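Biologist: I have a structure to get through before class. Can we go over it step by step?

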Amino acid sequence: MAGSVNKVILIGNVGADPEIRRTQDGRGIANLRIATSESWKDKNSGERREKTEWHTVVVFSEGLVKVIEQYVKKGSKVYLEGALQTRKWQDQQGADRYSTEIVLQGFNSTLTLLDSAGGRGGNSGEHSGDDDGASQAAGNGGGTRGRPAQQQYSQQADMDDDIPF
């Protein structure tokens, strides 16, 4: 095989308010717990069944952390793209433990807020990449009460000016 792909796409609900931490040099790190659910009708009993899966998400991209800090709350519906990473750590007894997380870092990460502009999670918007959050929001039509239906935050718009050819 010539290459490989490590990509995770989730659409789910935030289970608790995001935890925002800062490194010693001031960079933000956001931790989220995302719930995804599937439901079906049980063939034997005819009852509706539901299964919820919980995912740990760690966000290192500074621009995404700023968006999460401002707009994401418990109950927010989000679309995200990231990569799986497993890290090894030791518990209090010294035993090796492993945690697999979805990591949003760099230009291969995306976060889109799927709530309505007045919904539980605040403004609806999309943010991708590893910018500093300084790019402006650009609506893409169809909003209510003078607000765009979706806001996009992206460093790609800023990068168009820097193309050397």
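Biologist: What percentage of the 165 residues of the protein chain count as buried?
Modeller: This is a predicted model, and in it 34% of the 165 residues count as buried.

Biologist: And the secondary structure, how many helices and strands?
Modeller: The protein chain has 2 helices and 10 strands. From the N terminus on, the order is β-β-β-β-α-β-β-β-β-β-β-α.

Biologist: How many residues are in the largest nonpolar core?
Modeller: That core has 20 residues. Those with the most contacts inside it are Leu-32, Val-57, Val-59, Leu-80, Leu-104 and Leu-111.

Biologist: Which elements give two or more residues to this core?
Modeller: They are strand 1 (8-14), strand 3 (28-41), strand 4 (48-59), helix 1 (62-71), strand 5 (77-90), strand 6 (96-104) and strand 7 (110-113). Helix 1 gives the largest share, 5 residues.

Biologist: Why would nonpolar side chains be together like that?
Modeller: In soluble globular proteins, nonpolar side chains tend to be buried together.

Biologist: Now the pairing. Do strand 3 and strand 4 pair in the parallel or the antiparallel sense?
Modeller: Antiparallel, over 12 bridges. Within that pairing, Ala-35 is opposite Trp-54 in strand 4. The two strands form a hairpin with 6 residues between them, and Gly-46 there takes a positive phi near 80°.

Biologist: What about strand 4 and strand 6, parallel or antiparallel?
Modeller: Strand 4 and strand 6 pair in the parallel sense, with 3 bridges. Val-58 stands opposite Val-103 in strand 6.

Biologist: And strand 1, how many bridges join it to strand 5?
Modeller: There are 6 bridges between strand 1 and strand 5, and the two run antiparallel. Asn-13 is opposite Lys-77 in strand 5. Strand 1 also pairs with strand 3, again antiparallel, over 2 bridges. Val-14 has Ile-34 in strand 3 as its bridge partner.

Biologist: Changing topic. Where is Arg-33?
Modeller: Arg-33 is in strand 3.

Biologist: What is Arg-33 in contact with, leaving aside neighbours within four places in sequence?
Modeller: Asn-13, Val-14, Gly-15, Ala-16, Trp-54, His-55 and Thr-56. With Thr-56 there is a polar contact between the two side chains, at 2.7 Å. Asn-13 is 20 residues from Arg-33 in sequence, and their C-alpha atoms are 8.3 Å apart in space.

Biologist: One more residue. Is Ser-99 buried or exposed?
Modeller: Ser-99 is buried, because its relative accessible area is 18% and the limit is under 20%. Ser-99 is in strand 6.

Biologist: Which side chain makes a polar contact with the side chain of Ser-99?
Modeller: The side chain of Trp-89, at 2.8 Å. Apart from neighbours within four places in sequence, Ser-99 is in contact with Gln-85, Thr-86, Arg-87 and Trp-89.

Biologist: Back to the whole chain. How much accessible surface does the protein chain have?
Modeller: About 10900 Å², and 45% of that belongs to carbon and sulfur atoms.

Biologist: Last one. Of the contacts between residues at least 6 apart in sequence, what percentage join residues at least 24 apart?
Modeller: For the protein chain, 54% of those contacts do.

Conventions. Residues numbered from 1 in each chain as written. Predicted model: local features only at pLDDT ≥ 70, side-chain atom pairs only at ≥ 80, totals over all residues. Heavy atoms only, no water. Core = buried A, V, L, I, M, F, W, Y, C linked by side-chain atoms within 4.5 Å. Buried < 20%, exposed > 50% of the residue type's maximum accessible area, 1.4 Å probe, protein only. Helix = DSSP H or I, 4+ residues; strand = E, 2+ residues; numbered from the N terminus. Pairing = 2+ DSSP bridges. Contact = heavy atoms within 4.5 Å. Areas by Shrake-Rupley, 256 points an atom, 1.4 Å probe, with all protein chains shown as cover. Polar contact = N/O pair within 3.5 Å; in protein donor to acceptor, adjacent residues only side chain to side chain.
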